[in-house]
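These are my notebook entries on the structure shown below. I record what I looked up and the cut-offs behind each term.

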Amino acid sequence: MDVAVFILVVLAFVALSGALVRLVRVPLPVLQIAIGAALAWPAKGLHVEIDPELFLLVFIPPLLFGDAFAAPKRELIELRRPILDLAVGLVFFTIVGFGYALHWLVPSIPLAVAFALAAVLSPTDAVAVSSIVDRNVVPARLMHILEGESLLNDASGLVMFRFAVAAALTGSFSFAAASLSFLYAVAAGILAGIAALFVAAKALQVLGRIGGTPAGAQVLVMVLLPFVAYLIAEHVGASGILAAVTAGLVTGTSGIFRHLSVSARIQAMSLWSMLTFVFNGALFILLGLQLPDIIRRVPPELTSRHWLFEPVLTVLILTLCAIGLRFLWIWIGDMASMIAARLGKRKAEPFGFRVRLAGSVAAVRGAITLAGILSLPLALQDGSPFPARDVVIFLAAGVIICSLVIASLALPGIARGLVEPGEDPGAAEERRARAGAAKAAIAKIESLASEGGEGEAAEARLAVADSIVAGYRRRIAASDEAEEARAEARESGRLELELRHAGIEAERAAVRAMFRTRQINDHTMRALLSEITLTEALLKSRRDRK
């Protein structure tokens with residue numbers, strides 16, 4: 001019962017945060033972490049012990065799957081070099097640089113444990129990045145690199161974290177063995193994601209052959225897909241995170257949606273949108289719930305002189321160190337790309353100082369870092385306590401919060417003016433694609449209408465075709481390159497939507513009136529209201545695009 005009440009309380013505050021964020025003007029993750037900390041701060045407040053493995057299983061696969069599915073695949077392929085450079089190269093660079101800096105700053109932390117903390121801090125959080133970074137102020141190229149990096153560096157960071165923990169437990173480290181294990185974890189994780197997608201496709205095919213299968217059953221297969229990918233990979237000792245990401249990246253191009261009915265597709269999209277919001281919010285509230293206990297147990301190694309000042313200063317220095325290492329790596333990669341472009345007689349596209357700085361500050365840490373560091377063992381193989389465990393947990397939590405705060409406060413100022421005013425390239429591409437699709441539809445409809453022969457049936461066919469084509473022509477006009485033509489089409493479309501919306505409201509009122517006078521029962525009312533709501537949602541989508 002206590003668990004059920006706890007879940008309901010968390011969900012209620014997730015919903016509340018969605019409303020409060022419009023009032024307090026802070027990024028949603030920061031607000032949700034603050035809510036979690038406020039709930040847990042009193043002595044009799046909410047408290048929960050996180051099982052790191054369960055935490056990773058419940059939250060990370062669906063969130064990373066959803067981010068990977070929504071990521072622009074064309075841009076990720078085009079930017080694969082800088083993405084892999086950050087997702088793999090920067091992880092190793094951070095482990096070495098941050099690890100030595102931490103060991104120098106806090107000598108009580110053994111070097112192997114310092115490397116473990118550096119490894120678990122190296123992944124950026126895909127969920128936090130997409131929530132913090134405003135796409136309207138960050139150049140699209142940089143945003144795509146940040147998204148791609150955050151999807152892939154979780155695997156490399158956590159794999160190296162395991163190696164560092166193993167070195168701390170055994171006192172030995174083999175570079176050759178670690179390299180082979182890393183390659184295995186990556187390759188097997190990718191294969192596990194593809195295998196899970198194959199299993200899901202086969203399950204949907206079987207459900208389709210049975211006939212009459214409820215759409216909910218098909219949606220459930222899609223919901224289980226990231227969890228199956230994660231569990232298969234973890235079972236064979238590979239990266240479950242990379243498996244979930246792979247499944248998300250491949251799903252859109254695999255053709256699996258052709259096995260879903262139309263209603264199942266609509267329900268799946270709506271359900272994923274809701275689950276993403278709920279899981280995101282619950283994840284950050286759970287992070288906030290951990291903070292009061294972590295702060296109350298400030299390790300004595302960090303409080304030799306001042307109880308508050310020294311720990312805060314240490315966290316700030318380490319956060320700035322992580323940002324600095326990232327900036328240095330991006331700058332080195334930028335210079336290397338420019339040299340390679342000149343040698344290959346290609347056009348160089350350097351980022352520039354402010355873009356490099358924005359890319360460094362925007363790399364926030366989040367749930368995977370905390371879940372990873374909480375999974376540190378309590379004792380060594382000889383039974384003695386794991387060295388500096390409380391210290392590195394405190395520092396990891398501090399860097400998570402500090403990176404979120406710095407990104408929230410500094411990024412708008414750093415990125416101001418980086419994006420040139422004018423139409424977003426993505427919106428322009430969508431507008432051209434919409435016009436091209438409409439022209440193809442007009443050509444097909446006119447071709448079919450001309451095959452109708454003669455007589456009243458042919459005239460009716462032509463009349464219907466003209467009505468449909470008129471709608472497509474309005475869509476083309478709204479996508480016209482000329483601003484005047486687009487403005488006229490938008491006004492025409494606004495009037496059409498206004499009248500259609502009025503008609504929908506009249507329909508809804510009539511159905512409810514018939515229900516009140518008992519002309520129809522509640523089953524008929526729900527069926528009709530569902531159709532009206534779907535039509536209204538389609539109109540709202542059109543209005544939002546305009």
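Which residues does Arg326 touch, not counting residues up to four places away in sequence? I found Leu86, Leu90, Thr124, Leu146, Glu149, Gly359, Ser360 and Ala363; contact means heavy atoms within 4.5 Å.

Basis of the entries. I worked on a predicted model, in which local features need pLDDT of at least 70 and side-chain atom pairs count only at pLDDT 80 or more, while totals for chains, interfaces and linings use all residues. Residues are numbered from 1 along each chain as its sequence is written, and side-chain values use heavy atoms, with hydrogens and water left out.

Helix H13. I placed Arg326 in helix H13, and Leu313 lies in this helix too, which covers residues 309-343. Helices (H or I, at least four residues) and strands (E, at least two) are DSSP runs, numbered from the N terminus.

Accessibility. Arg326 counts as buried because its relative accessibility is 2%. Leu313, at a relative accessible area of 36%, is partly exposed. Buried means under 20% relative accessible area, exposed over 50%, and partly exposed in between (1.4 Å probe, protein chains only).

Whole chain. I noted 20 helices and zero strands in the protein chain. Of its 546 residues, 43% count as buried. Among contacts between residues at least 6 apart in sequence, 78% join residues at least 24 apart. The protein chain exposes about 28400 Å², of which carbon and sulfur atoms supply 65%; accessible areas come from the Shrake-Rupley method with a 1.4 Å probe, and for residues only the protein chains shown count as cover.
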